Amino acid sequence: MAANAKSADENSACSRLRQDAGAVVWCSFLAACFATMLFFALFDPIYLKQDDDPPSWLADRRTAYALGFFFFWLMTAIAAGLTAWLVDTRGACEPNRPETT
Amino acid sequence: MSKVPPQVDLSSLYEAQRKIYPREVTGRFNRLRVLAVVALLGLFYVTPWVQWDGHQALLFDLPARKFHVFGLTFFPQDFFLLTWLLIIAALSLFFFTALAGRLWCGYACPQTVWTQIFVWMERLAEGKRQQRMKLDKAPWSFEKLWRKAAKQFMWIAFALFTGYTFVGYFTPIRELSTSVATWSVGGWEVFWILFYGFATYGNAGHLREQVCKYMCPYARFQGAMFDRDTLVIAYDSPRGEPRGSRPRNVDPRSRNLGDCIDCTLCVQACPTGIDIRKGLQMECIACAACIDACDSVMDQMGYARGLVTYTTQNATDGKPTRVLRTRTVIYGALLGLLITGFGFAVASRELIELDVLRDRNALYRTLDDGRIENVYTIRIINKDGEAHEMTLHVTGLPSASLDTDVATVRIGAGSVVSVPVRLRVPAGSTSGSVTAQIEARAIDGSDHIVVSPARFIAPSSE
């Protein structure tokens, strides 16, 4: 009986982790798409060729777009992941929080 | 002493995910849904193959920074039009949600459409709902292996084809098909085909309704657009209750029963696994599978259809349903305004644009004869469907003369041409920073004239 309850708990915790991960990945993906569109509409990576630094391979538009997208996705995922984690762990820090009316 | 509030373990509020085996249904809304799937997927897979004026009709040529949309060519400078289009799309979603509920979710959302195709393939390989459930419970056998393998094969093949088609919107699909056939696809193309294919496989094959329940922002806020006149799917609880099983030819009233025979077909048919008889729920994507399931049962029982049906809150309460109301009128008017404005903006946009980029290496140069020279790169963008022949001039700085390597500039349809340009003034005629205008004039009979300011820098006189 008790073992059953525990495994159900673990199941739901695991399920919840998956749901949260899904939300984080998906929302950060959407935000990264918007950021990539906006950024590369204003900035043409080909102009990087005019300088020696940063590296010239980044001046290939396909590479720059793809890396730019994944850079934005990484950044938005970090923000979304940290937010999810902070919101999730907030209540556990103060179990004796006085009741508000 | 402060009272200690009862501890709630939030994790226990999350139900463990169970696999949903949606039951196959037939009926009018299923036909409508299949029609939508065929039309929308057909559109997605066929569109990149359509040619227009010798080029791919719809091609987002990212490496060249050009978007071909039938006869029109758009450049990154037209980005505001894309933003405008997205606002129109969002407002349309609001408008149709207020009017008819989650029409988008049930019939048009890519998540729904691709999930239906993947469920159809699953059914092809593993059989109907009961067979699928039995197969999943059964120990591994040769039959289970080949059925699962057949499903995976169809899923992966279709997902890869989807990824390939998606990339075909960004790389000319005819060239892509040749390079796929000869195994010479570029690295990034391969990567994006796999990436998009994997996303399709994961979303439509495995995640399915979980995307709607846990990941979709629209599912969370669509309720805010609902009012008492919005079309929703609802169970007619006064008619159906008390529910219970009964033999076919018995008058339910004689047994003190409502019309619901509690066959749970509406629950089995639901792709998100809810019971519509509990009322409208956030998980409901309004696919109407439960309506079809219930209607077929009502037909068998000889009862009237519509125990589960499309209705509105007002209709349920016996009040008239209004289509025209403040909310829909405002959404509709705004939408009409935005669409008209968009059409106007596209039709009246400047077809030729001129950018002036200063040479960054030197502020100015003094020539042997004492004249002062500034160097620029002029970019002329031709969004028109035909080529233009132009000459360059300088105005706004009376003493200045303009020098280029070419007398006239030819800009092909939908292309960009860069021309190095030198502006020169006699020594001492100007000092410091002044602004001149560089002008491109069409000499091919069209009356295009475009002007852009250019900062001219001369040594300051002290």
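Chain A first: it has two helices and zero strands. Helices here are DSSP runs of H or I with at least four residues, strands are runs of E with at least two, and both are numbered from the N terminus.

A word on the model. It is predicted, so local features need pLDDT of at least 70, side-chain atom pairs count only at pLDDT 80 or more, and totals for chains, interfaces and linings use all residues. Residues are numbered from 1 along each chain as its sequence is written, while chains are lettered from A and ligands numbered from 1 in the order in which they are written.

Back to chain A. Of its 101 residues, 8% count as buried. Buried means 20 or more other C-beta atoms within 10 Å of the residue's own; exposed means 12 or fewer; partly exposed is in between; the C-beta atoms are placed from the backbone. Now contacts. Two residues are in contact if their C-beta atoms, placed from the backbone, lie within 7 Å. Take the contacts in chain A with a separation of 6 or more: 65% of them come from residues 24 or more positions apart.

One example is Ala84(A). This residue sits in helix α2 of chain A, residues 61–89. Which residues does Ala84(A) touch, not counting those up to four places away in sequence? Asp20(A) and Val24(A). Val24(A) is 60 residues from Ala84(A) in sequence, but the C-alpha atoms are 7.5 Å apart in space. Ala84(A) has 15 C-beta neighbours inside 10 Å, so it counts as partly exposed.

On to chain B. It divides into domain 1 (28–224), domain 2 (228–316) and domain 3 (352–458). Those bounds come from an automatic or database domain assignment. The centres of domain 1 and domain 3 of chain B, taken over C-alpha atoms, are 47 Å apart. Their contact takes five residues from each of these two domains of chain B. On the domain 1 side, one residue is nonpolar, three are polar and one is charged. For these classes, Ala, Val, Leu, Ile, Met, Phe, Trp, Tyr, Cys and Pro are nonpolar; Asp, Glu, Lys and Arg are charged; the others, Gly among them, are polar.

Next, helix packing in chain B. Start with α4(B), residues 110–126, and α8(B), residues 187–207: their axes are 8 Å apart, at an angle of about 75°. Axes are lines fitted to C-alpha atoms, for helices over the stretch in contact, and angles run from 0 to 180 degrees between N-to-C directions. So α4(B) and α8(B) are roughly perpendicular. That label covers 65 to 115 degrees; under 35 is roughly parallel, over 145 roughly antiparallel, and the rest oblique. From α4(B), the contact residues are Gln111(B), Trp114(B), Thr115(B), Ile117(B) and Phe118(B); from α8(B), they are Thr200(B), Asn203(B), Ala204(B) and Gly205(B). That contact has four nonpolar, five polar and no charged residues.

Helix α4(B) also meets α1(B), residues 28–46; these axes come within 10 Å and cross at roughly 105°. That pair, too, is roughly perpendicular. Arg33(B), Val37(B), Leu40(B) and Leu41(B) of α1(B) meet Val113(B), Gln116(B) and Ile117(B) of α4(B). By class, that is five nonpolar, one polar and one charged.

Now the cores. A nonpolar core is a set of buried Ala, Val, Leu, Ile, Met, Phe, Trp, Tyr and Cys residues joined through C-beta atoms within 7 Å. The largest has 42 residues, and Ile233(B) and Cys266(B) are among those that touch the most other members. Suppliers of at least two residues each include α4, α8 and β6 (232–235) of chain B. Which helix gives the most to this core? α13(B), with five residues. Domain 1 and domain 2 of chain B both contribute, so the core lies between them. Apart from this core lies another, of 20 residues, among them Tyr376(B) and Met390(B).

Last, some backbone details. Glu241(B) and Pro242(B) are joined by a cis peptide bond, with omega about -10°. Pro242(B) is in the loop between α11 (237–240) and α12 of chain B. Asp262(B) is found in the loop between α11 and α12 too. Asp262(B) is not a glycine, yet its phi is positive, about 60°. Arg208(B), also not a glycine, has a positive phi of about 45°. Arg208(B) lies in the loop between α8 and α9 of chain B. Is Arg208(B) buried or exposed? Buried, with 23 other C-beta atoms within 10 Å.
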